[in-house]
Amino acid sequence: LPLKTFGKEAVTRMNELGIVVDVSHLNEGGFWDVAALSKKPFIATHSCARALRNHNRNLTDKQLKAIANAGGVVGINYLSLFLHEVNTPEQDHTTIEDVAHHLCHIRNVAGIDTLALGSDYDGIGCTLEWKDCAGTPQLLEGLNKYFTADELDKLTHKNALRVFKDVWRG
């Protein structure tokens, strides 16, 4: 479904006010409206790669490229259902490898400057290999085998800070 008139006006006004537009909860029609309307980088704060897990909340490769082309970022969601198939309670668990798999895919499709950690700690009910936000150093240690120190800096904070600065600059 496309954005309604109010949604389109909101995107334009958000750009004017320096408010970052987040597409994580939009359907594909709404996503493409934001991609066409936004004059500033936009983000998906907590989404994953649909090529790896076919879930309607995940982003297609074409969407990932659109976010990259706009100068935006995608923050990986840690919910197991978005990362892999969950058929039993035992599978409702997210590993560092699950997160790395999606991060690597997005890096390959959209580039390192598009990556961020999105988490969604307050919205997920599955268990995490690193337990909670206090375990982030464990997550980053596990990601060391996939990313350089400079790349980890980009996905932990530099990419998101760049987007905020770009949007706030008016």
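**Setting up**

I am working with a predicted model, where local features need pLDDT of at least 70, side-chain atom pairs count only at pLDDT 80 or more, and totals for chains, interfaces and linings use all residues. Residues are numbered from 1 along each chain as its sequence is written, and side-chain values use heavy atoms, with hydrogens and water left out.

**Entry: α1 and α2**

I began with helix α1 (residues 5-17) and α2, whose axes come within 10 Å and cross at roughly 40°. That makes α1 oblique to α2. My helices are DSSP runs (H or I, at least four residues) and my strands are too (E, at least two), numbered from the N terminus. An axis is a line fitted to C-alpha atoms, for helices over the stretch in contact, and angles run from 0 to 180 degrees between N-to-C directions. Angles under 35 degrees count as roughly parallel, over 145 as roughly antiparallel, 65 to 115 as roughly perpendicular and the rest as oblique.

The crossing of α1 with α2 is right-handed. I noted the handedness rule: left-handed if the near helix is turned anticlockwise from the far one by less than a right angle, right-handed if clockwise. Lys-8, Val-11 and Asn-15 of α1 meet Asp-33, Val-34 and Leu-37 of α2; contact means heavy atoms within 4.5 Å. I sorted the residues of this contact into three nonpolar, one polar and two charged. Here Ala, Val, Leu, Ile, Met, Phe, Trp, Tyr, Cys and Pro count as nonpolar, Asp, Glu, Lys and Arg as charged, and the others, Gly among them, as polar.

**Entry: α2 and α3**

Next I followed helix α2 (residues 28-37) to α3: their axes come within 11 Å and cross at roughly 25°. The two helices are therefore roughly parallel to each other. Their crossing is left-handed. Glu-28, Phe-31 and Trp-32 of α2 make the contact with Lys-62, Gln-63, Ala-66 and Ile-67 of α3. This contact has four nonpolar, one polar and two charged residues.

**Entry: α3 and α5**

I then looked up helix α3 (residues 61-69) against helix α5 (residues 96-110), where the axes come within 9 Å and cross at roughly 65°. That makes α3 roughly perpendicular to α5. The crossing is right-handed. On the α3 side I listed Asp-61, Leu-64, Lys-65 and Ala-68, which meet His-105, Ile-106, Val-109 and Ala-110 of α5. Five of the residues in this contact are nonpolar, one is polar and two are charged.

**Entry: the largest pocket**

Of its 13 lining residues, Val-73, Ala-116, Leu-117, Ala-160 and Phe-164 are the closest to the centre. β1 (44-47), β4 (115-119) and α7 (149-168) each supply at least two residues of the lining, and the largest share, five residues, comes from α7.

For the terms, on a 1 Å grid over the protein atoms alone, a cavity is a set of points where a 1.4 Å probe fits but cannot get out, a pocket is an open set with protein on both sides within 12 Å along at least five of seven lines, and lining residues have an atom within 4 Å of a point. Points are joined across faces, edges and corners, and a volume is the space filled by probe spheres set on them.

**Entry: the cavity**

I found one cavity of 30 Å³ or more. The largest cavity holds about 50 Å³ of space. Its lining includes Glu-28, Phe-31 and Gln-63. By class, the lining of this cavity has four nonpolar, five polar and three charged residues.
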